[in-house]
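The following briefing concerns the structure shown below. It is arranged by topic for a reader who wishes to check each point against the coordinates.

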Amino acid sequence: MSTATTNGKQAARTAKPNRLAGAATWVDDRVGLAGVAKKQVRKVFPDHWSFMLGEIALWSFVVLLLTGTFLTLWFKPSMGEVVYNGSYDQLRGVSMSEAYASTLHISFDVRGGLLMRQIHHWSAMLFIAAMFVHMMRVYFTGAFRKPREVNWVIGCLLLLLGSLEGFTGYSLPDDLLSGTGLRAADGFTKAVPVVGTYVSFFLFDGEFPGDAVIPRFFTMHVLLIPGVLLALIGLHMLLLVYHKHTQWPGPGRTEHNVVGYPMMPVYAAKAGGFFFIVFGVSALMGALFSINPVWRYGPYDPSQVTAGSQPDWYMGWPDGALRIFPGWETELFGFTLSWNIFLPIIVLPGLMFTILLMLPFIEAWIVGDKRDHHLLQRPRNAPTRTATMVALMTFIGLLWAAGGNDIIALKFDLNLNYITYFIRVMVFVGPVIAFLLTRRWCISLQRADQARLLHGYESGIIMRSPEGAYAEKHLPISTEEAYTLTARDRHHEKPLPSEADQNGVANRKLRMSRLRTRLSNRWFSGEVEKPTREELDAAHEHSAHELAVHEDGHQHLSSGDYSGDYELDGQTADGHQFDGRRAIEGDELRKS
Amino acid sequence: MTVHEREGMPGNEDAVATSEHGTAPARREAGDPFPDPGLHEHQPRPTDVDERAGKRAERQIATMFVLSALCTLLFCVAYFVFQVGDDPDVIMGFGASNLALGLTLGLALLLIGIGTIQWARKLMSDVEIVEMRHPTASSETDRAETLQALDAGVSDSGIGRRPLVRNSLIGALALLGLPAIVALRDLGPLPGNKLAVTVWRRGMRVVNDVAGTPIRPEEVEIGQLINTQPEILFETEDGERTYEGTELLQAKTKASTIVVRMQPDDITPSAGRANWGVDGILCYSKICTHVGCPISLWEQQTHHLLCPCHQSTFDLADNGKVVFGPAARALPQLPLMVDDEGYLVAQSDFTEPVGPSYWERGDA
């Protein structure tokens, strides 16, 4: 195609070769992904600080992969006995496992080894903490609703696997503290009815501690669990891209669109840059804050322990449940059933995990909502949901505190026994109180929103009426804010299904559907519905009426809420704009 | 390019109430008070309108990248300058190598991160873009075609018409789970009665757990607690220890003990235990009956022994009975006596399994 298409004076030339286009063409000739990529390159993501929490988890996982790989270059996952003769004076000549000795070697004789160990441990904390907070963000804002339930389930699995990954990694150095953790885990395993003793002997290759558990945990820690984590994270991200991110409601933001900045270049830069920030912060923590100083604990010895022994914080709540559980044990036909271990440490975490997994499905079943949702809800606009999570958090939080009952007793000079008795009661009472309080709190916040819509915001301008009454001037909020506040569902009480409606349906089904309707009505009960146009107009008319000049020629101010249609017009408020008894044109005060 | 979505405009308000499935269109209902005012108009930033502000931002960002490069170089320098090992360099009580490497690496990374994000915030376009969502579910025709294809596939396979093939395959596949379990059998030996016995034997000396020295009753003061082990764990044969490595740890896991001396009058031995002590000296398992932590927090005045892991508390004057905490069973007691040379020795092994309980414990 070198035929000139114009009769211009300059000869036609091919465009300057574009290197980017060249590379893209090379790739597409071989993999043919342009059709998919064209939509993704400029894919839009909405902006909000809370959307960054999951990103922290993602990037700290990458930091874990990088630093973990570095550590494997020196770590020896072996329980073979060696005599330490490295640089750490206090332990020289002590018999210990190769795992512990190589951990000391990394900490004292490899340059940057201690740094990588500490970054690895800190980013593990960050990984799990970020997953927890991200999960709560997703729950509180209703981002788990259809079509995102599958991603919720994947997220829960990530949290579970992340905790397991943390526990296996924590056990690898084979120091006194982690060995004590393993010893406890051995006790947990043995408490499982019927198979427990066998599982323990298989896990440790014989009697605890055996010489197999560290190499076995190592394989799980560096291969099996990270592999599954990686696959699930990939799936999690894939679904995120497919669903497109949820967004907060607001002007121009609907269920049908997503408003924000494009992947290329804004999010590539922001998210890519954020990786460096997460890595950088972890590195600074590794430089400045000591974590898990295993050399102070010494090698594992089953006859020794330190006071204040605790698991890493994310394992603290089942440990707390274990601490406050009464010492129940049953002997039946010569067999021993240790309720005091089996219930709090095996059954309870499983139960809590199942509840977590089921939350989206429970809510959807109760409220009977089958629609797709892409707009987020403020926690206050879903009081029962918010209260449910706060109740769960209270339960976990109390157990977590119980996991440190000895530390609390020591630091606050309290009686350990009383703390334990107190928490035994509070784990049942606390969540109920938290649920009720949170629900009322949410509804109060809804009322505050309603007041803003109906009466405007508090301007801070106090006006005095001729009678001497004072009232604060309320000004109308912007239409954009008003729109945002009202961009939520209205819930109508559902009538109970009657027998007649369910003609020919089994009695049990009717009872179920009645239960569901009752639960649904309870779920939404007490909520403040957004105002209708009529209610809004009535409220505005009411305030205009209050402002009106009365027959006696005076304007009466009530001492209550006060509102009107005045605008500040971007001027400094002096109060006189609103009393209606004074001409304001040419007012000196307004000019400033 | 900004597309304003006019979702809330009149005529588009009633979609929610009618559709139970499918997307809820923007929560608009009849009677909603406010129409969608549409997207904000884009507000230009200083860097959008002021060439100088743009240049300044560019310089800031470039400075961060240059500083990051500098930190990276400093990291390499610090790697070789500061020593670890036998005689490590120290700065303000910190290991110099760790501190310098961490700070330079951290700053190098942070500066790249902050610079890049600053670039995105100041210099990249901040015009919001609207992208339309597609329904998550596939179209009805796609679904129908897929189902049809599936049906065709299934019926071609004859899986429905030939139940014998289907069922035998299901059975064979399910059975394949067995090797996955059976092949794990060699993970470890069977428990046998290993958990029920320890290395303690009649006449074995009770020795100090660090030095391995035997103990005479008169050396133990009232109120004192001594961490002890069976003497065999310190035994050597031709200079080799009888127990070492894993075997030593396994033996210790069950055989670790504590020796305490109380006022003989304070002790209330249960039936058959009257002669298990020597002048108020008693010996108990050191392994908690809860999940197996070694216990050693000794309250002299109350004769209570507290486990540091989960705070189970045992009364050693009262046969090791649980007085507080999650443990269910008393601490096993080792019967003591004195041998010919006047040292404390065991009368026998423990009379019950020590440590955490397990399913078959009652058989022992």
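The model is predicted: local features need pLDDT of at least 70, side-chain atom pairs count only at pLDDT 80 or more, and totals for chains, interfaces and linings use all residues. Residues are numbered from 1 along each chain as its sequence is written, while chains are lettered from A and ligands numbered from 1 in the order in which they are written.

**Chain A overall**

- Chain A contains 19 helices and ten strands, where helices (H or I, at least four residues) and strands (E, at least two) are DSSP runs numbered from the N terminus.
- Of the 592 residues in chain A, 41% are buried; a residue is buried if 20 or more other C-beta atoms lie within 10 Å of its own, exposed if 12 or fewer, and partly exposed in between, with C-beta atoms placed from the backbone.
- Among contacts in chain A between residues at least 6 apart in sequence, 72% join residues at least 24 apart; two residues are in contact if their C-beta atoms, placed from the backbone, lie within 7 Å.

**Helices 12 and 13 of chain A**

- Helix 12 (residues 316–324) and helix 13 (residues 339–367) of chain A pack with their axes 8 Å apart and at an angle of about 150°; axes are lines fitted to C-alpha atoms, for helices over the stretch in contact, and angles run from 0 to 180 degrees between N-to-C directions.
- Helix 12 of chain A and helix 13 of chain A are therefore roughly antiparallel to each other.
- On the helix 12 side, the contact is made by Pro318(A), Ala321(A) and Leu322(A); helix 13 of chain A contributes Ile341(A), Pro344(A), Ile345(A), Leu348(A) and Pro349(A).
- By class, this contact of helix 12 with helix 13 of chain A has eight nonpolar, no polar and no charged residues; Ala, Val, Leu, Ile, Met, Phe, Trp, Tyr, Cys and Pro count as nonpolar, Asp, Glu, Lys and Arg as charged, and the others, Gly among them, as polar.

**Thr189(A)**

- Thr189(A) lies in helix 7 (residues 176–190) of chain A.
- Thr189(A) is buried, with 25 other C-beta atoms within 10 Å.
- Not counting residues up to four places away in sequence, Thr189(A) touches Gly196(A), Val199(A), Ser200(A) and Leu203(A).
- Thr189(A) and Asn415(A) are 226 residues apart along the chain, and their C-alpha atoms are separated by 31 Å.

**Five-stranded sheet of chain B**

- In chain B, five strands form an open sheet in the order 5-6-9-10-15, with antiparallel pairing; two strands pair if DSSP finds at least two bridges between them.
- Strand 5 (206–208) and strand 15 (333–334) of chain B stand at the edges, each with a single partner strand, so one side of each is left without a neighbour in the sheet.
- Strand 5 and strand 6 (residues 225–230) of chain B pair in the antiparallel sense over three bridges, and Asn208(B) stands opposite Thr228(B) in strand 6.
- Strand 6 and strand 9 of chain B pair in the antiparallel sense over four bridges, with Val260(B) in strand 9 as the bridge partner of Leu225(B).
- Strand 9 and strand 10 (residues 281–285) of chain B pair in the antiparallel sense over five bridges; Cys283(B) in strand 10 is the bridge partner of Val259(B).
- Five of the five residues of strand 9 (residues 257–261) of chain B are buried, so this strand is largely enclosed by the rest of the structure.
- Thr257(B), Val259(B) and Arg261(B) point one way from strand 9 of chain B, while Ile258(B) and Val260(B) point the other way.

**Four-stranded sheet of chain B**

- Four strands of chain B form an open sheet in the order 11-12-13-14, and the pairing is antiparallel.
- The twist averages 30° from one strand to the next.
- Strand 12 (residues 304–306) and strand 13 (residues 313–315) of chain B pair in the antiparallel sense over three bridges; His304(B) has Asp315(B) in strand 13 as its bridge partner.

**Interface between the chains**

- In total, 95 residues of chain B are in contact with 108 residues of chain A.
- Helix 4 (96–122) of chain B supplies the largest share of the side of chain B that touches chain A, 17 residues.
- The residues of that side of chain B divide into 44 nonpolar, 30 polar and 21 charged.
- Strand 4 (residues 257–262) of chain A and strand 4 of chain B pair in the antiparallel sense over four bridges, and Gly260(A) stands opposite Ile129(B) in strand 4 of chain B.

Key. Parallel < 35°, antiparallel > 145°, perpendicular 65-115°, else oblique.
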